[in-house]
Every structure is written in C-alpha cells, then in structure tokens.
Amino acid sequence: MTNQTLARLRGLRLNGMADALNLQREQPGTYEELGFEERLALLIDQEDADRSNKRLARLLRAARFKLAATLEDIDYEQPRGITKAQMATLVTCDWLNRKQNLLITGPCGTGKSWLGCAFGHGACLKGYSVRYFRTSRLLEAMTIGHGDGSYSKQLKQLAKVDLLILDDWGLEPLSQSQRNDLLEIMDDRHNQSSTIVTSQLPVSKWHDSIGDATLADAILDRLTHNAHRLKLKGESMRKIRAKLEEREHSG
C-alpha cells in the first residue's frame with residue numbers, strides 16, 4: 001500500500017511529500033506519537049520546501065549572475081561610502097515591490113558588480129525573476145536581433161523580468177540604434193519593473209555618455225526619476241584583498 005502511495009505521489013510530481021512519507025516509514029519511532037493531521041502537515045511542509053528550493057534554483061540559473069554574491073556577505077568594514085543604516089531599507093527589496101530602480105556608481109574595483117549581483121540574489125530569494133547582463137553585450141545581442149528577426153522577442157523577454165541588472169553602463173560609445181534600443185527597454189520597464197545599473201561614471205555624466213541629447217533625456221527620465229542611488233568610493237576591493245593576503249603570507 002505504501003509503495004503504491006509513493007508511486008502515485010511521484011506520478012503527481014509531489015516528490016517532497018513522497019520523500020517525507022518515505023522518511024516517516026523508515027523512522028516509525030520518530031513519528032508514531034504524532035496524530036494523522038500532524039504527520040500530514042509534515043508532508044505538506046516538505047512539499048512546500050521542496051518546491052521553494054526548486055523555484056529558487058530555477059531563478060538563480062535564469063539570472064546568469066557574473067558573481068556569486070549575497071546580501072548577507074556585504075563588507076561594511078572597508079570605507080566604501082555605504083553603511084548598514086543606509087542599506088537597511090534596500091536589502092528588504094521593498095523597492096522592487098514599488099517598481100523602483102537602483103543606480104550603483106563608483107571607481108573601478110569598489111564592488112559595484114558584486115553588489116548588483118548580491119541584490120539580484122536577494123531578489124531571487126524573494127521570488128522575483130532576475131536577469132544579469134553586461135550592458136555592452138546586451139546591446140550587441142539586440143543589434144543581432146534586428147538582423148535575425150529576434151528583436152521583438154528579446155524586448156518581450158526583457159520586459160517580463162522583474163529585475164534587470166545592467167552592469168558596466170557607459171563604458172563604450174553607443175550607436176544610434178543602441179540608443180533607440182535602450183529607450184525601448186527603459187520605456188517597457190518604466191513603472192512596471194525594476195532595473196539595477198552599475199557604472200564607473202557618476203550619474204551626472206550619463207547624459208553626455210549616451211550621445212544624443214533628446215534620447216538621453218527620455219532614457220534617463222525613465223531610469224533615474226524613481227531610483228535609489230549608491231555612490232561607492234575608496235580603493236579597489238581587489239587591491240585591498242591582495243594586500244591583506246600578502247600580509248597574511250608574510251606574517
């Protein structure tokens with residue numbers, strides 16, 4: 001009877017419940033004093049946890065993060081211009097509920113990409129869909145999409161993502177087509193979903209870096225008016241870690 005029940009549960013894709021039932025069967029002494037409803041609740045809890053874990057794994061795979069980073073591992077010891085008090089509201093990810101954006105700027109090596117991926121990981125934990133791109137590579141893909149007919153599909157996919165991360169914004173000059181593509185992306189996401197942008201350029205220089213005053217006004221109006229800003233500063237984190245490792249080895 002139990003084997004048939006296990007097979008039916010797996011056939012219904014209730015693998016979490018099947019595993020929990022099998023555990024109760026293998027360890028009867030642990031569960032014999034529990035009533036039917038209590039044992040059933042344990043099965044449901046396991047199924048819920050199993051589905052949550054699988055969903056998180058799917059979200060993390062789909063995000064394609066550049067770096068393995070988590071909000072719990074943010075380093076507040078180094079003087080980078082961020083504090084626990086400042087980050088307290090951001091790490092809750094409430095700004096995602098409000099369809100707001102996050103702009104992270106600062107010198108090379110200060111941890112902008114790492115923070116972007118950490119916020120993306122936090123969003124996945126909350127059940128949001130996330131997609132990470134280096135800005136230049138996304139725009140290259142959009143250019144290819146114009147030629148092979150996939151452009152409209154790409155736009156629709158980007159519009160559906162709850163959190164889009166655009167890393168290394170403003171490093172390369174934009175073509176007219178790429179400016180138009182950026183406007184399309186930002187227009188679809190405006191007040192509908194959230195975007196993280198990381199850049200070595202301060203936000204005040206983004207307008208000039210886009211290269212067309214009219215399109216720059218339109219893009220930045222959609223991106224910056226409802227955005228939180230993190231301005232990182234200080235020495236490169238890579239250099240700091242290298243110095244610490246050198247001291248440890250020499251000591």
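At the start of α12, which side-chain oxygen reaches to within 3.1 Å of the backbone nitrogen of Thr214?

Mentor: The model is a predicted one, and the description below should be read accordingly. At the start of α12, the oxygen in question belongs to the side chain of Asp212, and it reaches to within 3.1 Å of the backbone nitrogen of Thr214. The helix itself covers residues 213-224, that is, 12 residues. From the first C-alpha of α12 to the last, the distance is 16 Å, close to the 16 Å expected at 1.5 Å a residue.

The next point is how α12 is covered. Its buried residues are Leu215, Ala216, Ala218, Ile219, Leu220, Leu223 and Thr224.

Ser199 counts as buried because its relative accessibility is 1%, whereas the cut-off for buried is under 20%. The side chain of Ser199 makes a polar contact of 3.4 Å with the side chain of Trp206. Neighbours within four places in sequence being left aside, the contacts of Ser199 are Ile104, Thr105, Gly106, Lys112, Trp169 and Trp206.

The loop between α10 and β4 holds Asn191. Although Asn191 is not a glycine, its phi is positive, at about 65°. Asn191 counts as partly exposed because its relative accessible area is 43%.

A second residue with a positive phi that is not a glycine is Arg64, at about 55°. Arg64 is placed in the loop between α4 and α5 (84-88). With a relative accessible area of 56%, Arg64 is therefore classed as exposed, the cut-off for that class being over 50%.

Helix α4 (residues 36-63) also contains Ile44. Ile44 has 46% relative accessibility and so counts as partly exposed. Together with Phe36 and Leu40, Ile44 makes a nonpolar surface patch of about 310 Å².

How values were computed. Residues numbered from 1 in each chain as written. Predicted model: local features only at pLDDT ≥ 70, side-chain atom pairs only at ≥ 80, totals over all residues. Heavy atoms only, no water. Helix = DSSP H or I, 4+ residues; strand = E, 2+ residues; numbered from the N terminus. Expected span 1.5 Å × (residues − 1). Buried < 20%, exposed > 50% of the residue type's maximum accessible area, 1.4 Å probe, protein only. Polar contact = N/O pair within 3.5 Å; in protein donor to acceptor, adjacent residues only side chain to side chain. Contact = heavy atoms within 4.5 Å. Patch = residues over 30% accessible without salt bridge, like charges linked within 9 Å, V, L, I, M, F, W, Y side chains within 5 Å. Areas by Shrake-Rupley, 256 points an atom, 1.4 Å probe, with all protein chains shown as cover. Salt bridge = Lys/Arg side-chain N within 4 Å of Asp/Glu carboxyl O.
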